[in-house]
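Hi,

Here is the structure I promised to pass on.

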Amino acid sequence: MRRGPLTTTFFYLLLLVFSAWYIVPFVWALVTSVKHPGMVFDGRWLPYERSRLMRIDGQERDIRIIEERGDRYLVRVTGTEELREFPRNEVERISPNWKNYAEAWNIVPFGRYFLNSILISLCITLGQLITCSLGGYAFSRLHFPGRDVVFLAYLATLMIPAPVLTVPIYLLLREYHLLNTYQGVILPGLFSAYGTFLLRQFFLTIPRDLEDAARIDGAGTFGVYLRIILPLSGPALAALATFVFVGSWNDFFWPSIVLTDPDMLSLPVGLAHFNDIYLFEYGRLMAGSVISIAPAILMYLLFQRFITRGVVMTGLKG
Amino acid sequence: MKTKRTLRHALIGYAFLLPSIVGFLLFTLGPILFSFLISFFDWDLFSHPVFIDTANYERMLSAGSRTWDYFANSLFFLIIVPCQMAVALAVAYLLNEDLKGSLIFKVIFFIPVVLSAIPVAIIWGYLLDTENGLLNGFLMSLGGGRIAWLYDSAWIKWGISLMAVWQGSAFSTVIYYAALQGIPDQLYEVATLDGANRWRQFWGITMPLLTPTHFFLGITGVIGALQLFAPIYVMTHGTAGGAHNLIFEVYWKAYQEFQMGYASALAWILFLLIFLLSALYWKYVRKSADYA
Amino acid sequence: MAGERTSRTMFIVFGLLFLATAVLFLTLSSETSSQFLVFSTWGTATEVESFQKLIEHYNTTRRPKHRVKLSHGEQNQYTERLLVQAAARSLPDVIHLDRKDLPLFVRKGIIHDLTPILERDSVFSLEGFLPALLPGCQDHGRYYAIPHNFSTMVLYFNKDHFDAEGIPYPDSTWTWDTLLRAAGRLTKTDPHGKIVRYGCLMNIVLTTMIAQNGGRVLNEACDSAVIASPESEGAVQWVVDLSDRHRTSWSILAQNLQWDDMFAGGRLSMIANGRWAAAWYMRSMASGSVDVAPLPRGRYRKGAAVSHMMAISAQSSKQDEAWEFLKFLVSEEGQRMVNRDGANIPALRSVVYSDEFLRHHTTPTMNNRVFLDELPVSVPWPFELGPFVTHYTLQSQLDLALRRIHLGQATTHQSLMIMQENINAAIRAQRHVPAPRPFVGSVLFIVCGVTLALAPLVIRFIRRRRHPDAP
């Protein structure tokens, strides 16, 4: 459809408005993450720092800020009764506080948590790829008694609120001594009704002729699965892998219940545990949040194509 | 012969299903049945469960309990679904136009998909702050007054819905964008030749072809909106006030007051609600899909 | 052909990845807790580090039969996690506990009665501890924990602001009126009428003000809420008026996390806060700007204290070893190892009355004695919970009540009445002993549910039998 210049401008405007709405929280978080202590909630969009020394009568004197008076500061020279007023822009200057990032990085052992998160998410992703593809294949191509009923049960479980499931699963893990272990965090995540559902929908779209041809050539059921179904499902598997990886990476609730050893925490849980980031310095809290968001954004940029391509294949057939 | 084949098929089928179904039974169906069972008991995790028949359900539906308020709050959050679908559709449509610089826009719009709920809730908690929050700053510059977005029971649902739409529309945008990309250009070209303008093309071609997408996003949206918990908990520091919905009550009763039986009963009512709404939506969209 | 090759490569890659992860997964070491003596605590990264060092020191010098291992719980969920662990019988052996949780834990049988152990141990004595901390470790006269450290609430103030206004520094003679007058003078507005400097913030010690006025949140037995009394209402009204009427403070409708930043930035002159804030205030403000004073007195003089203690789990199979480790934790040596950041005050008299605390390296110029002087007159902060309610129940009800008041949705009296009602309902629910009932409703329920669920299938089955040729 050809676009007139008026329409184009209108579209650009709309895009800009929407982008502003999306991006404002990020910008605010970034700006706050470099603000100095005591200056975080001054209501301004730039990070300011107040100097503790001012040049008075040709000498550098140590000053205390007493009051803000509009666009001027009332200061007192330390150790004397002398009070002076200075314009704001002489006392404070724009200066980002990169120390927030250094401190946040030092307080939370991001490196170790990053590794833990990678380990846990990788295991869960691979596990789900296997169980969901096997299950999806069974539901889509194989005939066995009770197939549809079981599938319906899978679907229904998507709607169960999570808090209610935690206690029984926790007790189960406790029985098998899986608490505070990596296995305890990974095991419940190896199965997913959502993933099975997604892959089933996709497998339904693979033409039967290919399957029949393979069977004529002598392939068994597993052979069909391995040689026909799996290779053709590349995009869908990639999409599922991405969603599962991101989901388990960001998962806070379950790891926080199972893991208590400070060395084993995953990234979001570790971030929540170390209250230093939450204490007093909100600039540092934002810096920590930005650091924790960065890997997700990086991963997104790397896997972007898979997400959109895989979604075309699977999301629509729902 | 037939039964032998059926048996063999059954064995193969369940063999493939084995890893999946073991997990399903252990970690999903088992706990669900357990929680259904427990909803007929009174259990505080420490003592032995005491069988109290349907007392939990009676208490839930009794006059003094605030279950209806929580129910109403849960239903309110459904407003998120059409909002986020509308925003997502608009953004995806604009992206589909492939204007210059679309790449940057795409990155901006798709990123919230990968963000963890908690930092986002923290950031929005400050944006919605009464004294120094950006939203109030914006309102005041327009001449309005301050609103206690997170503390005033009249406004808190709107504040949280705004945040939920912000985060949720990203996923919907990805889906709509992919769907729009799948619509062949020829359809539009033919319509242009026939004299249809952009507006008619949108309602006559685009929308009907997107029906499966509407369906998918609608159902997942409803399921998600009725289970909205993390943002509420983080932004109000655990005191939900006017945003106290059914799932928050499930969490509260289970983990703050240790009344597992009652919490399970509530969870089952919530599940029924989700199920019914999804079924209704299914029926409705099926009908219009057949019509299209 | 190319497609086949890529699919084969993909398959091989997947296969290898799978094998690698499977191997990794199965060999991931996770030491079972029965080999260790588990010690659980909350804490910031620095505190955890200190505890880890203490544990290492203990493990290497004492060589206990079971080595000690740290289990970290996030502060906001610490109590809930312990309760879940207790239910699942996976409790740690030594538990770092807050005073507010003691009655509940005793009632649920989570912690061990230490009185017989104390009587048997002829060397260890409770005399070295600050006497004011001992009642908090007891329940009905028996000891369930040993004091570790504590924190009291004091009034932090910005000396520069006081000097500039010519107001004498706060001291023990200050009353609510004195505070209000000073706060009024310290509050500054800009030419547009917007407040650029607030005088005071007392929201954190609201429940202490209630006690200072003679009121209570829960009654003495902690089995009933009594907050809707004239004394409590008077105190709540006074704090509410600070923001709503006198405009020298914020209400709780502003994010409470900002207050510290505002104080450090010179936009707040006085704030009532705990010991944990002292080091950060000193670091973030010009040196010598900040000092502390006792809380102003109301009708009575009351302070506020948070106290932490060490307990042994009732489920532990290693109670003797747990007791040895616990003694180390609360000894002078152990106390010094975890007191580096100055966020809490040690419970031992010998440590606390020495320069170790009085000239603590994080707050050298502060009048640290004030923290100690507040302790003998302190009430628990923020609430005295008793065995029936959780902290969050009371806190959320209080927050909701204050929100109603500040938004004008109810008067102070009405709002506190609602709060009282809700808390009493929660206590009743906790004390309620369920009476078993026979299977009646539930059977009907299940039968109906199953019938409804199976009905479509049955109908379809019958239809198919009647019309076997229909699609």
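Below is what I found, going from the whole model to single residues.

First, some housekeeping. This is a predicted model, in which local features need pLDDT of at least 70, side-chain atom pairs count only at pLDDT 80 or more, and totals for chains, interfaces and linings use all residues. Residues are numbered from 1 along each chain as its sequence is written, while chains are lettered from A and ligands numbered from 1 in the order in which they are written.

On confidence, the model scores ipTM 0.81 and pTM 0.85. Watch residues 1-7 of chain C, though: their pLDDT is below 50, and beyond near neighbours in sequence the stretch has 1 contact in the model. By contact I mean two residues whose C-beta atoms, placed from the backbone, lie within 7 Å.

Now chain A. It has 14 helices and 6 strands; these are DSSP runs (H or I, at least four residues, for helices; E, at least two, for strands), numbered from the N terminus. Its C-alpha atoms fill a box of roughly 100 × 65 × 30 Å along the principal axes. Of its 318 residues, 47% count as buried. Buried stands for 20 or more other C-beta atoms within 10 Å of a residue's own, exposed for 12 or fewer, and partly exposed for anything in between, with C-beta atoms placed from the backbone.

Next, where chain C meets chain B: 30 residues of chain C are in contact with 26 residues of chain B. On the chain C side, helix 3 (78-87), helix 17, helix 18 (412-431) and helix 19 (441-466) each supply at least two residues. Helix 17 gives the largest share, 6 residues.

Most residues other than glycine have a negative phi, and most peptide bonds are trans. Two exceptions on phi:

- A:Asp57, not a glycine, has a positive phi of about 50°. This residue sits in the loop between strand 2 (53-56) and strand 3 (59-69) of chain A, and counts as exposed because it has 5 C-beta neighbours inside 10 Å.
- C:Cys222 is not a glycine either, and its phi is positive at about 55°. The loop between helix 8 (206-212) and helix 9 (230-244) of chain C holds C:Cys222, which has 19 C-beta neighbours inside 10 Å and so counts as partly exposed.

There is also a cis peptide bond between C:Trp381 and C:Pro382, with omega about -10°. C:Pro382 is in the loop between strand 13 (378-380) and helix 17 (391-406) of chain C.

Cheers

How values were computed: pLDDT is the predictor's confidence in each residue, from 0 to 100.
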